Amino acid sequence: DDYAFACGSEGVLVRGGSAIPEAVEAMKVLNGENEYGIRIPYIFLTNGGGKFETERCRDLSKQLEIEVSPGQFICGHTPMRELSDKYRGTVLVVGGEGEKCRDVAHSYGFRDVITPGDIIKANSSTAPFRKLSDFDSANCRDLLSEGKYTSLKDVVVEAVFVFADSRDWAGDLQIIVDVAMSEGGRLETRS
């Protein structure tokens, strides 16, 4: 028969960083420890993001006491990998902790990835209620001193991707709306 299982991970198989005991047993059944001795294909899904699939697999392998390969794990942002050939210019990636989502986007093939933190670092009035910590500021790109842009009006955002839950929805949504209302994605303009 052609069938497979698609399993949620957080809250379904793993809770609070530990595997639910029945989940470990269920995975043994899927891996062939059943009365028929057959292996049943499966994948894992999460609407969460902000980490590389390989990191999620490493954690889940340890928690479920099985080997999980990246081809078996789909994060909320995994399908966006297919869009890296379509969007070759600047993309805005939102969500996650620190700059991890930028790293994930680069690994997918996106070339010029900016984050809300990068924009706020260049112009703090973009999201006036969000203050970058020293750590965040040190890890954000300094768009205006890299030599590529002389002002934020030189930055043209081709697409906005939400890779994971935002740590500051108010500021991030303000920037997303600003991009949506801009002239063709050009920052600090209005259509």
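User: Leaving aside neighbours within four places in sequence, which residues is L60 in contact with?

Analyst: L60 is in contact with S9, V14, F44, E65, V68 and F73, where contact means heavy atoms within 4.5 Å. Please note that this is a predicted model, in which local features need pLDDT of at least 70 and side-chain atom pairs count only at pLDDT 80 or more, while totals for chains, interfaces and linings use all residues. Residues are numbered from 1 along each chain as its sequence is written, and side-chain values use heavy atoms, with hydrogens and water left out.

User: Is L60 buried or exposed?

Analyst: L60 is buried, because its relative accessible area is 3%. Buried means under 20% relative accessible area, exposed means over 50%, and partly exposed lies in between, with a 1.4 Å probe and protein chains only.

User: Which helix is it in?

Analyst: L60 is found in helix α2. Helices (H or I, at least four residues) and strands (E, at least two) are DSSP runs, numbered from the N terminus.

User: What span should α2 have, and how far apart are its ends?

Analyst: Helix α2 covers residues 53–64, and its 12 residues should span 16 Å at 1.5 Å a residue. The expected span is 1.5 Å times one less than the number of residues. The end C-alpha atoms of α2 are 16 Å apart, which agrees. The helix is followed by E65, whose phi is positive, near 60 degrees.

User: Which residues of α2 are buried, and what do they pack against?

Analyst: E53, E55, R56, C57, L60, S61 and L64 are buried in α2. They pack against the strands β2 (14–15), β3 (18–19), β4 (42–45) and β5 (73–74), and against the helices α1 (21–30) and α3 (100–108).

User: Which residues have the most contacts inside the largest nonpolar core?

Analyst: They are L13, M27, F44, L60, L64 and I66, in a core of 19 residues. A nonpolar core is a set of buried Ala, Val, Leu, Ile, Met, Phe, Trp, Tyr and Cys residues joined through side-chain atoms within 4.5 Å. The elements α1, β4 and α2 each give two or more residues to this core, and the largest share, four residues, comes from α1.

User: What does F44 touch?

Analyst: Leaving aside neighbours within four places in sequence, F44 is in contact with C7, L13, M27, L60, L64, I66, V68, Q72, F73 and I74.

User: Turning to pockets, what is the volume of the largest pocket?

Analyst: Its volume is about 230 Å³. On a 1 Å grid over the protein atoms alone, a pocket is an open set of points where a 1.4 Å probe fits, with protein on both sides within 12 Å along at least five of seven lines, and lining residues have an atom within 4 Å of a point. Grid points are joined across faces, edges and corners, and a volume is the space filled by probe spheres set on the points.

User: Which lining residues are closest to its centre?

Analyst: Of the 20 residues that line the largest pocket, G95, G96, G98, E99 and R130 are the closest to its centre. Helix α3 gives the most to the lining, with three residues. By class, the lining has five nonpolar, six polar and nine charged residues. Ala, Val, Leu, Ile, Met, Phe, Trp, Tyr, Cys and Pro count as nonpolar, Asp, Glu, Lys and Arg as charged, and the others, Gly among them, as polar.

User: And which residues line the second largest pocket?

Analyst: S9, E10, V14, G17, K51, R56, D59, L60, Q63 and F73 line the second largest pocket, whose volume is about 160 Å³. The largest share of that lining, four residues, comes from α2.

User: Where does G17 lie?

Analyst: G17 lies in the loop between β2 and β3 and is partly exposed, with a relative accessible area of 49%. G17 and D59 are 42 residues apart in sequence and 8.8 Å apart in space, C-alpha to C-alpha.

User: Finally, how many helices and strands does the chain have?

Analyst: The chain has six helices and eight strands. Of its 191 residues, 43% count as buried.
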